[in-house]
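These are my notebook entries on one model. I looked up domains, the chain interface, salt bridges and database annotations, in that order or close to it.

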2 protein chains.
Amino acid sequence: MPDSYTEAAGTHSASTLPADSVGVITPEIAHFDTPLSLACGKVLPEYDLVYETYGTLNAERSNAVLICHALSGHHHAAGYHSRDDRKPGWWDAHIGPGKSIDTNHFFVVSLNNLGGCHGSTGPLSHNPETGRQWGPDFPMITVSDWVESQVRLADYLSIERWAAAVGGSLGGMQVLQWSLAYPERIANAVVIAATPRLSAQNIAFNEVARQAIRSDPDFHAGWYGEHDTVPKRGLKLARMVGHITYLSEDAMGSKFGRDLRSNDLNFGFDVEFQVESYLRHQGDTFSTTFDANTYLLMTKALDYFDPAAIYGGDLSRALAPAQCPFLVMSFTSDWRFPPSRSRELVDALIHAGKPVSFASIDSPFGHDAFLLPDERYHAMFSAFMQRAARELNLDTQANKEVTS
Amino acid sequence: MPDSYTEAAGTHSASTLPADSVGVITPEIAHFDTPLSLACGKVLPEYDLVYETYGTLNAERSNAVLICHALSGHHHAAGYHSRDDRKPGWWDAHIGPGKSIDTNHFFVVSLNNLGGCHGSTGPLSHNPETGRQWGPDFPMITVSDWVESQVRLADYLSIERWAAAVGGSLGGMQVLQWSLAYPERIANAVVIAATPRLSAQNIAFNEVARQAIRSDPDFHAGWYGEHDTVPKRGLKLARMVGHITYLSEDAMGSKFGRDLRSNDLNFGFDVEFQVESYLRHQGDTFSTTFDANTYLLMTKALDYFDPAAIYGGDLSRALAPAQCPFLVMSFTSDWRFPPSRSRELVDALIHAGKPVSFASIDSPFGHDAFLLPDERYHAMFSAFMQRAARELNLDTQANKEVTS
């Protein structure tokens, strides 16, 4: 979700790609004709999902890993779209040969979620029933709707069971939902920097972002596309608020401190402190690249997610259907979804008798840490994935030849 | 600064006022003709300060306590403006007979700061040089400018030395500035839930608030008054963001949790969660009662305050001029200005050899706690003030008679 989608991974300047990159990747599109019934009661008559894959699907189709993205994420998680592409996908630090999700073993599938604005059907798409853009008519999407649409993508790719479903933040919620709704279809679950439900403060920050967008006069009740405008002011503010919650106070302090942009105070409202400059820049960039209706939908999906709600808040009971081993990871300086929120999930999994490994990783980088390279994070993550590969017999060439 | 300015103190319904109230109070106005040179280089030709007083000034004029207000505060700190007034001033919990600042001993002076929007000269006032409202032409005001204007108010009231200067949040910064700029004119300093300088994250939240206001099309570069409009959307957003930072995550959680406004999800963008309803209401109220240009000025005053800056960040050196005893208090769940920020000040005061008492008070109420009644808070606060009264020989009627 954070800036790190565009910034976290290293950049390269030469036309040779890094040796541990998955290389140049071309997104693909899967079209689905069967209507999808949504939690809100509406039906999506048809839809596209755009996705990328990294690595090679084995003959048994048993080595596929699903990547679920966060608030402002998309399908481009690793590699480059061309040799001239300066920045790789948002999770390139963790997907590739020898990386946490090792493409020497795994076939990785990364999609843009339904309702998104990067190629999958969403508010920017054409509504076949009206002939207009979907815009604000696009139905509200929940985490379970996303999982339903991802099940169809698995079927489309003839993947009966994911070797693992993996996600950070809102992506981790989708992984959790997979483990509950389709326990027989995921062999392992990796839930990073996530929470089993938002707190009142989390919802409050989302609500500020929504009000910023919806009160922008250029929003036009969501029909800005038909007014040839974009609610840039609102999107900018939403992103600025978001960014503050993605970075730890310490990370912000050591990155910017009270440094001034020029030597003197200007006693005005132009940028004075570096942190102001950073936030305005992040907000401006986002406001020209992300769709406002999508942002609204994604924040509501976050707010709604609460698998324990129908069990009177008893998360252990909600977790009863889960069958697979879990890896839960959090970061010490993440104040958006702090380690205590991951612990809620871990405690409930233990109480429900489920196998779970948990690591709270020391990091100064706040919520953004889940996107960044880090030695201990990588060690925990790759150890879990390697064990998964061994248990699924993915790592011996011999085995592959015997089976195929 | 928080909602507690209007909500924290108890309400009364009968026409009899509470026994421990300072009673019905009438604000007064002091006019100053001597131009005031400001830190920004501009000069304010003349100005008014509106203020209230509680208690009785003794003959020696030695029992006066100055109250400095925070971001969205004003002069009405205690008592009622009429017998029909349902809510008392914003710090009524701590000012009155028998309260932390005991009006049986002290004569309390509470003003609205320069640049404010509650009666003191500010952006809503008439600019004598142009004949227009000041609006965005009102010069940038710093914490030291406020102290200069408060010195003149002290002179106007013939108060040579304050028995104490007292303030929370931005108010605490003014108290600190008093102790450095006019050490001989304050006998005691009480700095509550404050910080010697904002962090990058603090500045970031202020910047979001400013961008929200300044990007509102109704802002008109600050000349909304001449356009017969108010940047309500921006003010609302600014206040919503502010509120999240005034409340602790736990306080928000226990106040609202994930409670829904009605029984079912509406799968839309109307209010669903109680916390959304609360924030929208707070924002709406504020947007019709507070001036946008004033809000901008106040947030910049917060950002600029940094007495250690001219000493290369060495706060101990900056504190060298201070002479009086300090009481510094913070609240455990305050994440806007947490106890660690107060400790910075306390450590620097100790390092500089100044007398200081410090209490980090257990409270679930976040930054707002400084406005609320609390047994331990009151005990610390009133013990310090009683000691001050004894040392200034304020508490014996005999003494008063002898001296006068």
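Entry 1, a charged pair. With which residue does R132(A) form a salt bridge, and how far apart are the closest N and O atoms? I found E226(A) as the partner, with the closest N and O atoms 2.8 Å apart. I note here that the model is predicted. Side chains of opposite charge can pair when their charged atoms come close. I then searched the interface of domain 1 of chain A and domain 2 of chain A, and the rule finds one salt bridge there.

I took the bounds from the domain assignment, which gives domain 1 as 21-197 + 308-403 and domain 2 as 198-304. I computed 25 Å between the C-alpha centres of the two domains of chain A. I counted 37 residues of domain 1 of chain A in contact with 32 residues of domain 2 of chain A. How much area do domain 1 of chain A and domain 2 of chain A bury between them? I got about 2900 Å², with 65% of it on carbon and sulfur atoms.

I found nine residue pairs in polar contact between domain 1 of chain A and domain 2 of chain A, both residues being at pLDDT 80 or more. I looked for the helices involved: helix 2 (143-156) and helix 3 (170-181) of chain A each supply at least two residues of the side of domain 1 that touches domain 2. I sorted the residues of that side of domain 1 of chain A by class and got 19 nonpolar, twelve polar and six charged.

I read the UniProt record, an unreviewed entry, which places the feature "active site" at S169(A), D334(A) and H367(A). Why do I say that they gather at one spot? They span 199 residues in sequence, yet no two of their C-alpha atoms are more than 10.8 Å apart, so I treat them as gathered at one spot. I placed S169(A) in the loop between strand 9 (164-168) and helix 3 of chain A. The UniProt annotation "domain: AB hydrolase-1", also from an unreviewed entry, covers residues 63-371 of chain A. Over residues 63-371 of chain A I computed 35% helix and 11% strand, with the end C-alpha atoms 23 Å apart.

I counted 52 residues from chain B and 52 residues from chain A in the contact. The area buried between chain B and chain A came to about 4600 Å², and carbon and sulfur atoms give 67% of this.

How many salt bridges did I count between chain B and chain A? I counted ten. I checked R280(A), which forms a salt bridge with E207(B), the closest N and O atoms being 2.4 Å apart. I also found 19 residue pairs in polar contact across the interface of chain B and chain A, with both residues at pLDDT 80 or more. Which helix of chain B gives the most to the side that touches chain A? I found helix 4 of chain B, with eleven residues. By class I got 29 nonpolar, nine polar and 14 charged residues on the side of chain B that touches chain A.

I counted 34 salt bridges over all chains. I looked up R233(A) and D216(A), whose side chains meet in a salt bridge (2.9 Å, N to O). R233(A) lies in helix 5 (residues 232-246) of chain A and D216(A) in the loop between helix 4 (200-214) and helix 5 of chain A, so I note that the pair ties together parts 17 residues apart in sequence.

How values were computed. Residues numbered from 1 in each chain as written. Chains lettered and ligands numbered in written order. Predicted model: local features only at pLDDT ≥ 70, side-chain atom pairs only at ≥ 80, totals over all residues. Heavy atoms only, no water. Domains from an automatic or database assignment. Contact = heavy atoms within 4.5 Å. Buried area = accessible area lost by both parts, 1.4 Å probe. Salt bridge = Lys/Arg side-chain N within 4 Å of Asp/Glu carboxyl O. Polar contact = N/O pair within 3.5 Å; in protein donor to acceptor, adjacent residues only side chain to side chain. Helix = DSSP H or I, 4+ residues; strand = E, 2+ residues; numbered from the N terminus. Nonpolar A, V, L, I, M, F, W, Y, C, P; charged D, E, K, R; others polar. UniProt positions renumbered as here; feature names shortened; annotations may be inferred.
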